[in-house]
Amino acid sequence: MSTVERPPAPVLPLYEPAKIPGGAPSKVDPPPGADLITVNFGPNHPSTHGVLRLIVTLDGEVVVGLDADIGYVHTGFEKNFEQKTYWKGIPYSPRMDYVAFFANELAYVGAVEKLIEIDVPPRAQWIRMLFAELNRIHSHLIYLGTSAVEMGALSVFFYCLRERDSVLDLFEMATGVRMHDRYPQFGGVAEDLPKGFYAECRRFLAEMPKRIDEYLDLLAGNPVWKSRYQGIGTIDAETAIAMGLSGPNLRGSGVPYDIRRAEPYLAYDQVQFDVITRDKGDAYDRFMCRTLEMYESVKIVEQCLDSMPSGPVMSDDRKYVLPPRHELHTSMESLIHHFKLVTEGFRAPPGQLYHPIESPRGEFGCYLVSDGGTKPWRIHFRAPSFVSLQSTAMMSVNRYVGDMIVVVGSLDGVMGEADR
Amino acid sequence: MTTDELAAAVTKAVPESVTAHEDGLDMPTLTVAAAKLVEVATYLRDKQGKNFLSAVSAVDYLGYGDDVAGYFGTERGRDVNSPGSWGSPMTVAAPAKRFAVRYHLAHVGDGPTDRVRLQVWLDDGEEVPTVVGVWPTADWHEREQYDLMGIVFTGHPNLKRLIMPTDWAGHPLRKDYPIGGEPVQFTDAV
């Protein structure tokens, strides 16, 4: 029996910021050399958060080359939008990023509203903000749960899903469905908040900070978690901006770029919240940014409940907004408007605009071109997952395979949004 | 900085680069000659602080405005207080060429984001230089537009299909790409 001599494990430096490789920045070519093995991770790999394919070249257990491939859940959302009137596009939008569904709807609805210059009543703005923040909590909980599962911390996943269910209960209460709600409409939201929502929401808000404390107790100081997360996937601020990172991925590198603060939409200029930043730019800092952001979202939702104005939740501009149901029985004009809006849709003035909002994953932008017809001429979504997954390669090379899993998890990509 | 000032500053730095400019509904929009794009991009990044490329969006204008008739409204939408402005037919401005490639830029750091849009007009078969050297994030953005719209970015280090299968024929977001009824991949699969 002969023993196999194992080469000594490579000594990996800590806190080495990622540098942009030459050539294609989103791909790292392996060095020419013998004894390399190319392994195909995905597209169906439990650790890739959906159908992400990573073509990894390994030297032993160390990643030396990486090329990411996406597109496995491409469903042609942008082409579909071009075939639908503006109204019919709303249910499509949440299905792109199925974790941050409400943010996608807001971006699309906001872009169209800007184009047709419709006034949204203040109460509708606040209701939208309330659900946008609940959705942010939902999205960060999914991130936390799934990335903990990848590290083997299965119980955290169950805790996170428990709170996520409470958020979805609130969505169900107001919108009738748990996800993909079609709640924001052009000119406002579909319905006012139901009876009992405030009490239920306050119960959740009283509970949630304690739960976040628990997650931090479980993970933030946990030596296993720290050893797997600290110093992994480090990216410095300059590289992060150059690679187009946004949201918690960028704030983890110390850049306080938050569209809620930089270009306030809805009523974000009327609420108090902190923009959480960390400065090392590693996976641990991105994890901390997301987790601490949940506290801020709870704060914003509280302020929404406290100071939400009363009034209508839908604009009364009947050229764009469906008339209330009861009017259809008594008013001929309402019937005509209803018929025209449902069958033909409304015409939007020609033009182009880009409407960015702060989705849980970063800058989610909706670029809209109209030719004056009832359908968008071209719609393009700036998906933060699509952009952030470009950095997988530069963050993963010269690390162990296990660290690559942490990198992909910490970027928090949702493939439905990346592929659209 | 107003759009006029910005256009003047860019023209001063890179002569004969900006062919038109407008305020736009959302942000200043500069129309740039394709040959000067990289110079303009470098100038905007280094001297105007546009360090963040949000998105690269290509638009196909084939048949733009053909099916639109009887648009009611004014140039900036509809004026509810003057009903006389309704019913006036309006034609949309004809596009300069078939394709437009638009770059949405922003400043990330201290101060306001100051978004700016660059647009380059292209005919079928014309190419636009890559801006990967200016903003590395353009890598996948340009590959996506190449894949779905068929815009060729000259000098891109890895211009391959990103979203569609590598052996796909055609570019699905073009307006002359057939919709429905045509045989697709796996049609003959049993």
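**Salt bridges, across and within the chains**

Modeller: The term stands for a side-chain nitrogen of Lys or Arg within 4 Å of a carboxyl oxygen of Asp or Glu. Keep in mind that this is a predicted model, where local features need pLDDT of at least 70, side-chain atom pairs count only at pLDDT 80 or more, and totals for chains, interfaces and linings use all residues. Residues are numbered from 1 along each chain as written, chains are lettered from A and ligands numbered from 1 in the order written, and side-chain values use heavy atoms, with hydrogens and water left out.

By that rule, 4 salt bridges cross between chain A and chain B. On the side of chain A that touches chain B, strand S7 (residues 351–359) gives the most, with 5 residues; strands here are DSSP E runs of at least two residues and helices H or I runs of at least four, numbered from the N terminus.

Over all chains the count comes to 39 salt bridges. One of them joins Asp192(A) to Arg123(A), with the closest N and O atoms 3.1 Å apart. Asp192(A) sits in the loop between strand S6 (188–189) and H6 of chain A, and Arg123(A) in helix H4 (residues 122–150), so the pair ties together parts 69 residues apart in sequence. Arg123(A) is buried at 10% relative accessibility, while Asp192(A) is partly exposed at 34% (buried is under 20% relative accessible area, exposed over 50%, partly exposed in between, using a 1.4 Å probe and protein chains only).

Glu296(A) and Lys299(A) also form a salt bridge, again with closest N and O atoms 3.1 Å apart. They are 3 residues apart in helix H11 (residues 283–307) of chain A, which means about one helical turn separates them. Glu296(A) is buried at 6%, and Lys299(A) is partly exposed at 34%.

In chain B, Arg98(B) bridges to Asp124(B), the closest N and O atoms being 3.5 Å apart. Arg98(B) lies in the loop between strand S3 (52–60) and strand S4 (99–106), and Asp124(B) in the loop between strand S5 (116–122) and strand S6 (127–129), 26 residues apart. Arg98(B) is buried at 13%; Asp124(B) is partly exposed at 46%.

Last one: Glu133(A), Arg136(A), Arg251(A), Asp258(A), Arg260(A), Glu293(A) and Glu358(A) are linked in a salt-bridge network.
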